[in-house]
Amino acid sequence: MKRSIPLLIVAALMVTAVPSFAQTVDASKATHSQDVQTKMRKVDLLLQIMPLVLRKDQFPPILAELERIRAKQAEVLSREDDEIIKLEAKLDEALKKANDDGIYPSRDLQLECFKLTRALGTVRNMARTDFASQLYKVVDTVFDKGQKAIAAKSLDWKLFDPSLKLDEKPQEDQIKFYLKLVLLDPLAYDVLVDLNKKSK
């Protein structure tokens, strides 16, 4: 699963952005660029995960839980796709009228698209929060005291959401924040698998 960019952001760009240049994309270059971006994200994840110095025995329970969560994530994405596809007939009609008859697409349709993507983004965020809680139950038993402290202080929450004020919250909340942004990243599973191969 490689949907690392929130659907809401993508949708907002699709609905509101106006291209300022011709769409002449080199497919092979675009694929290469995506591969490089994946490597960039993996490096970032390694910088967040490697300081934990996970032991060989700690990987299996974490990977097993991530596998269960990944299956649930796929279900969430599938439901998103179902809801998006429901709009296709309305969109096709609007495009046909615009192209054939010069009729403007309705603002109501644009608003419906925006509301849907916002709602799906909310559902996805709620699911991710639930997944972080599920993963925390495993991490809480697997991580030692030092690893928990590292995870809790690994991220500067002010860069993500200044309103969180995580330094005033229990360590559990700080670790869940770490899990949500790091170990639940779509690429984190592969990173952990690779680290497990070299672990002692």
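How many helices and how many strands are there in the protein? The model, which is a predicted one, contains eight helices and zero strands. Read from the N terminus, the order of elements is accordingly α-α-α-α-α-α-α-α. Of the 200 residues in the protein, 30% count as buried. The accessible surface amounts to about 13400 Å², and carbon and sulfur atoms hold 59% of that area. Among contacts with a separation of 6 or more, 80% are made by residues 24 or more positions apart.

The interior may be considered next. In soluble globular proteins, nonpolar side chains tend to be buried together. In this model the largest nonpolar core comprises 37 residues, and Ile 49, Tyr 178 and Leu 192 have the most contacts inside it. Two or more residues of this core come from each of H2, H3, helix H5 (107-142), helix H6 (145-153), H7 and H8. The element that gives the most is H5, with eight residues.

An α-helix has 3.6 residues a turn, so residues three or four places apart point the same way. With neighbours within four places in sequence left aside, Leu 192 is in contact with Ile 49, Leu 54, Phe 59, Ile 62, Leu 63, Leu 66 and Leu 183. Of these contacts, Ile 49 is itself listed with Leu 192 among the residues that have the most contacts inside the largest nonpolar core.

Gln 58 is found in the loop between helix H2 (27-49) and helix H3 (59-85). Is Gln 58 buried or exposed? Gln 58 counts as buried, because its relative accessibility is 1%, where the limit for a buried residue is under 20%. The side chain of Gln 58 reaches the backbone nitrogen of Arg 55 at a distance of 2.8 Å. Beyond its neighbours within four places in sequence, Gln 58 is in contact with Val 53, Val 142, Phe 143, Asp 144 and Gln 147.

Charged side chains make a further set of links, and the structure holds 13 salt bridges. In one of them, Arg 41 pairs with Asp 185, with 2.8 Å between the closest N and O atoms. This pair links distant parts of the chain, for Arg 41 belongs to helix H2 whereas Asp 185 lies in the loop between helix H7 (171-183) and helix H8 (188-198), 144 residues apart. Arg 41 counts as partly exposed because its relative accessibility is 24%, whereas Asp 185, at 8% relative accessibility, counts as buried. Arg 41 and Asp 185 are also linked with Asp 44 in a network of salt bridges.

Asp 140 and Lys 148 form one with their closest N and O atoms 2.8 Å apart. Asp 140 is partly exposed, with a relative accessible area of 32%, while Lys 148 counts as buried at 17% relative accessibility. The side chains of Asp 100 and Lys 96 meet in another, at 3.0 Å from N to O. About one helical turn separates Asp 100 and Lys 96, because they are four residues apart in helix H4 (residues 88-101). Asp 100 and Lys 96 are each exposed.

Helix H4 also holds Glu 93, a residue that counts as partly exposed because its relative accessibility is 43%. Between Glu 93 and Pro 105 the C-alpha to C-alpha distance is 9.0 Å, with 12 residues of separation in sequence.

Definitions and conventions:
Residues numbered from 1 in each chain as written. Predicted model: local features only at pLDDT ≥ 70, side-chain atom pairs only at ≥ 80, totals over all residues. Heavy atoms only, no water. Buried < 20%, exposed > 50% of the residue type's maximum accessible area, 1.4 Å probe, protein only. Polar contact = N/O pair within 3.5 Å; in protein donor to acceptor, adjacent residues only side chain to side chain. Contact = heavy atoms within 4.5 Å. Areas by Shrake-Rupley, 256 points an atom, 1.4 Å probe, with all protein chains shown as cover. Salt bridge = Lys/Arg side-chain N within 4 Å of Asp/Glu carboxyl O. Core = buried A, V, L, I, M, F, W, Y, C linked by side-chain atoms within 4.5 Å.
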